[in-house]
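Please keep the sequence and the model in view while reading.

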Amino acid sequence: MATPPQHHVYDLSAALSIVERLLAGAKIKPGRRVAALHRKLLDLQESQYLILAALREFTPNDEAKAAILGRIADGLIDQSLAPAEVVNHLQTLAVGTDRNLQQLSNAVRFRYNKQATAAMRDVGDVLVPELFRPWCERIVDELRDIAPVIVQHGPNPAERTPEVAEAYTTAEALAQEMLGLWEDVDVLRRHEILTAGELVDPRSYRFGRPHLSADPNKAHRETWWVAYSVVNGARPTVNTFYEAQAGLVPA
């Protein structure tokens, strides 16, 4: 029998950190599903803290009582058990045990990590229209007026007026933001949060009109390369796999 594929599981803290970093970096109001994901991860974090704090105070002394802790963790996750009820359950557990408390804590953390990963996968490609694409559109809007200056003066002009120098400073920051955004999207595809697949032109993930983007051989000139793609009508964006496969062009 073939070995089943190993799917990436996010640590709950890491998942929450990723979402909060993306929300802070995007500087836009996220869509409903993304906002709900953030709230879900915050709730999971609070529940995990509660059960791990309880574990530090109470330890079961047999298998039956150990199973109670599993039910408590599950109840907190699926919200069938109110946090206040945890104390009542824990009072039935005797203190003192030969069982490894760290193993129980790890089991609880694993449950929450799986729930965090499932929550992220449940939102999945919705992250593109509700977060990544409008984020990219904001960057393009901020680049629109200064990108022609960058294209006109080239990747590294020897002389810069104060106005041109200011344009380059702003464009450099925005280009780095866009490239970082695209890299975050790529990471989520590799970790199966976003759908991934083979494309005839992989640039379709990042451009509505990839044939109008700058020469990939000049991509190391990052600020100029991004500015050229904006000016030339390549439509920098973030597409889902299915949008990129269909060759959809953003409005």
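The sections below treat the overall architecture, the aromatic rings and the charged side chains in turn.

## Basis of the report

The model is predicted, so local features need pLDDT of at least 70 and side-chain atom pairs count only at pLDDT 80 or more, whereas totals for chains, interfaces and linings use all residues. Residues are numbered from 1 along each chain as its sequence is written, and side-chain values use heavy atoms, with hydrogens and water left out.

## Overall architecture

The protein has ten helices and zero strands. Both kinds of element are DSSP runs numbered from the N terminus: helices are H or I runs of at least four residues, and strands are E runs of at least two.

Of the 251 residues, 42% count as buried. Here buried means under 20% relative accessible area, exposed means over 50%, and partly exposed lies in between (1.4 Å probe, protein chains only). The accessible surface comes to about 13,700 Å², and 52% of this surface belongs to carbon and sulfur atoms; such areas come from the Shrake-Rupley method with a 1.4 Å probe, and for residues only the protein chains shown count as cover. Among contacts with a separation of 6 or more, 74% are between residues 24 or more positions apart, a contact being heavy atoms within 4.5 Å.

## Aromatic pairs

How many aromatic pairs does a search of the whole structure find? The search finds five. Rings of Phe, Tyr and Trp (its six-membered ring) pair if their centres lie within 6.5 Å; planes under 30 degrees apart are stacked, over 60 edge-to-face, and the rest tilted. The rings of Phe 132 and Trp 135 are stacked, because their centres are 6.4 Å apart and their planes are at 15°. These two residues are three positions apart in helix α6 (residues 127-143), which separates them by about one helical turn. Both Phe 132 and Trp 135 are buried.

Phe 241 and Tyr 242 form an edge-to-face pair, with 5.2 Å from centre to centre and 70° between the planes. Phe 241 is buried, at a relative accessible area of 9%. Elsewhere, ring pairs link Trp 182, Phe 207 and Trp 225 into a cluster.

## Charges over rings

A charge sits over a ring if NZ of Lys or CZ of Arg is within 6 Å of the ring centre and within 35 degrees of the ring normal. The charged end of Arg 160 is placed in this way over Tyr 168, 4.2 Å from the ring centre. Arg 189 lies over the face of Tyr 205, at 3.6 Å from the ring centre.

## Salt bridges

The structure holds eleven salt bridges, each being a side-chain nitrogen of Lys or Arg within 4 Å of a carboxyl oxygen of Asp or Glu. One of them joins Arg 33 to Asp 122, with the closest N and O atoms 3.8 Å apart. Since Arg 33 lies in helix α2 (residues 32-57) and Asp 122 in helix α5 (residues 101-123), the pair ties together parts that are 89 residues apart in sequence. Arg 33 is partly exposed at 25% relative accessibility, while Asp 122 is exposed at 58%.

Asp 186 forms a salt bridge with Arg 206, the closest N and O atoms being 2.6 Å apart. This pair links distant parts of the chain, as Asp 186 belongs to helix α8 (residues 162-190) and Arg 206 to the loop between α8 and α9 (222-231), 20 residues apart. Arg 206 is partly exposed, with a relative accessible area of 23%. Salt bridges that share partners also join Arg 138, Glu 142 and Glu 177 into one network.
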